[in-house]
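Please read the points below with the sequence and the model open beside you. They are meant for a first reading and can be checked one at a time.

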Amino acid sequence: MTKSLNRLVFNTVALLSLLFMSSGEIKINEDILPNVIFIMVDDMGWADLGVYGSREIKTPNLDQLAANGMRFTDAYAGHTVCAPSRCVLMTGKNSGNSRVRSNSGTAPIFDQDTTVAEIFKVKGYVTGGFGKWGLGTMQSEGAAERQGFDSFFGYYDQVHAHTYYPSYLVKNGKPFVLAGNAKNNGYEYGVTSIETREQRSKLYRQDKLKSPKNGGVSISIETGEKREFSHDLIFQETLDFIRKNRGNPFFCYAPWTPPHGAYHLPEDDPSWLMYKDKPWSVEARVHAAFVNMIDRHTGEVLSLLRELGIAENTIVFFMSDNGAANRFDGILDSSGPLRGFKRSMHDGGIRSPLIASWPGKIEAGTVSNHLTYTADILPTVAELIGAEGSVPIDINGISILPTLTGDTQGQAKHEMLYWEWPRRNSGIAQAVRYKQYKLVRNDSLEQWQLYNLENDIDESENIAEANSEIVNYVDSWVRNNRTSVE
């Protein structure tokens with residue numbers, strides 16, 4: 001179904017719904033159309049949550065979310081860096097077929113791409129995004145409000161998202177000025193003419209140079225205007241969206257920025273107070289505080305759902321967009337036993353925590369080793385809401401709704417999961433998950449490395465030479481199942 005036809009169908013459904021609701025005759029049945037909240041944080045490691053093995057970071061709310069639902073052991077992000085990972089999530093296509101494969105911060109998805117949000121719009125959902133978009137600048141065809149979102153608040157450009165005290169955020173495609181931040185940082189600049197990458201880079205450098213100087217923790221500067229921590233604003237917009245739409249089926253996409261650096265946060269934040277005196281580097285302390293902050297805010301979202309009486313009809317997903325930016329070995333051990341971290345094609349760079357909870361629908365306390373990645377989210381929600389007919393035929397994702405609802409026998413499986421990353425000076429980095437095997441090469445001109453994750457989870461023993469038939473089979477599959485970037 002084309003995007004224009006999708007919009008026509010949605011407009012017709014929405015108009016009929018409004019007419020019937022205004023006459024008091026019917027209301028959208030929320031039991032048939034569940035609310036969906038998808039929280040995707042930035043740079044959280046596979047082992048940063050208590051339920052995934054963290055010994056130092058307290059995450060009681062997310063641990064409880066897993067206890068009330070399903071925790072995946074073999075779930076993967078769409079990529080090892082930000083923008084391509086979000087493109088895989090939004091389009092259901094892996095990074096060998098998706099539009100955005102690099103991390104420039106400005107490359108857009110295209111108008112003809114069908115996004116997760118547009119799938120929801122076909123069924124009359126209200127859609128909102130809150131956090132970091134990364135798939136198109138303001139007014140571009142990749143902008144969130146042109147890709148199925150009724151509202152979006154946060155960052156459009158992930159380079160701009162490298163500070164939590166920006167001079168502006170973006171609200172529904174327009175600059176939302178944070179005057180106190182600009183004033184307290186000692187400079188002001190116009191935000192309506194930020195159009196070129198060079199301008200954005202210059203402004204980013206200014207923000208970075210003016211960041212707090214005490215090792216990463218924000219110091220309040222009284223100048224008559226309050227300095228505003230961006231995530232607090234984004235989080236409140238998330239809650240407001242849920243409150244406002246409690247009587248309608250909604251899709252709340254929450255790509256929250258923490259624990260991504262820069263490593264600064266308000267000095268009076270409860271999570272910082274919990275970790276500020278730990279005998280660790282300031283980066284490790286702030287990372288732990290960020291993860292705990294995300295846990296606290298997830299708990300507040302869950303409490304709000306219960307308060308509004310919609311928890312039973314809301315499915316909540318939680319995951320990370322890629323691996324941890326820093327392993328913090330011997331302190332937080334954010335990657336756990338996995339090799340690598342963000343920007344690596346080893347599992348420390350791409351394996352992600354994934355939790356899904358839906359009271360009464362997903363069996364509590366379930367642990368699944370089903371092999372999945374973020375390309376599966378689009379077909380999953382399409383099946384969930386009965387919009388399978390709107391799913392493009394060329395996606396790479398497979399619905400995991402059977403797994404979520406306990407029908408493991410009816411669950412289709414991937415033959416391969418695939419990742420690629422065009423590197424500026426070293427060809428294309430690639431990775432494949434095939435059954436229990438992991439294949440990696442840092443340059444497409446090099447030989448594949450092969451690891452058996454069943455007995456080598458840290459990818460330490462390259463067994464490619466002794467298993468050439470597996471390597472050749474996977475290499476042939478890759479050659480036949482990826483496309484060149486247009």
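The numbered points below go through strands, helices, charged pairs and rings.

1. Basis of the note. This is a predicted model, in which local features need pLDDT of at least 70 and side-chain atom pairs count only at pLDDT 80 or more, while totals for chains, interfaces and linings use all residues. Residues are numbered from 1 along each chain as its sequence is written, and side-chain values use heavy atoms, with hydrogens and water left out.

2. Strand β1. Helices (H or I, at least four residues) and strands (E, at least two) are DSSP runs, numbered from the N terminus. Buried means under 20% relative accessible area, exposed means over 50%, and partly exposed is in between (1.4 Å probe, protein chains only). Strand β1 covers residues 35-41, and seven of its seven residues are buried. On one side these are Asn 35, Ile 37, Ile 39 and Val 41; on the other they are Val 36, Phe 38 and Met 40.

3. Partners of β1. Two strands pair if DSSP finds at least two bridges between them. β1 runs parallel to strand β9 (residues 314-320), with seven bridges joining the two. With β8 the pairing is also parallel, over four bridges. Val 36 can be followed in both directions: its bridge partner in β9 is Ile 315, and its bridge partner in β8 is Phe 251.

4. Helix α11. Eight of the nine residues of helix α11 (residues 377-385) are buried, so the helix is largely enclosed by the rest of the structure. Among the buried residues are Ile 377, Leu 378, Pro 379 and Val 381. What do the buried residues of α11 pack against? They pack against β1, α3, α4, β9, β12 (372-373) and α12 (401-404). Just after α11, Gly 386 has a positive phi of about 75°.

5. The antiparallel sheet. An open sheet is formed by four strands in the order β13-β14-β15-β16, with antiparallel pairing. β13 and β16 (449-452) are at the edges with a single partner strand each, so one side of each has no neighbour in the sheet. On average, neighbouring strands of this sheet are turned by 10° against each other, direction ignored. Axes here are lines fitted to C-alpha atoms, for helices over the stretch in contact, and angles run from 0 to 180 degrees between N-to-C directions.

6. Strand β14 (residues 428-434) and strand β15 (residues 437-441) run antiparallel and are joined by five bridges.

7. Side chains of opposite charge can pair when their charged atoms come close. A salt bridge is a side-chain nitrogen of Lys or Arg within 4 Å of a carboxyl oxygen of Asp or Glu, and the structure holds 22 of these. One of them joins the side chains of Arg 101 and Glu 420 at 3.0 Å, N to O. Arg 101 is in the loop between α3 (82-91) and α4 (116-122) and Glu 420 is in strand β13 (residues 417-422), so the pair ties together parts 319 residues apart in sequence. Arg 101 is buried, at 5% relative accessible area, and Glu 420 is buried at 0%.

8. A salt bridge within one helix. Arg 243 and Asp 240 form a salt bridge, their closest N and O atoms being 3.0 Å apart. Both lie in helix α7 (residues 230-244), three residues apart, which means a separation of about one helical turn.

9. Rings. Rings of Phe, Tyr and Trp (its six-membered ring) pair if their centres lie within 6.5 Å; planes under 30 degrees apart count as stacked, over 60 as edge-to-face and the rest as tilted. The structure holds 23 aromatic pairs. The ring centres of Tyr 434 and Tyr 437 are 6.5 Å apart and the planes are at 25°, so this pair is stacked. Both Tyr 434 and Tyr 437 are buried.

Conventions
Contact = heavy atoms within 4.5 Å.
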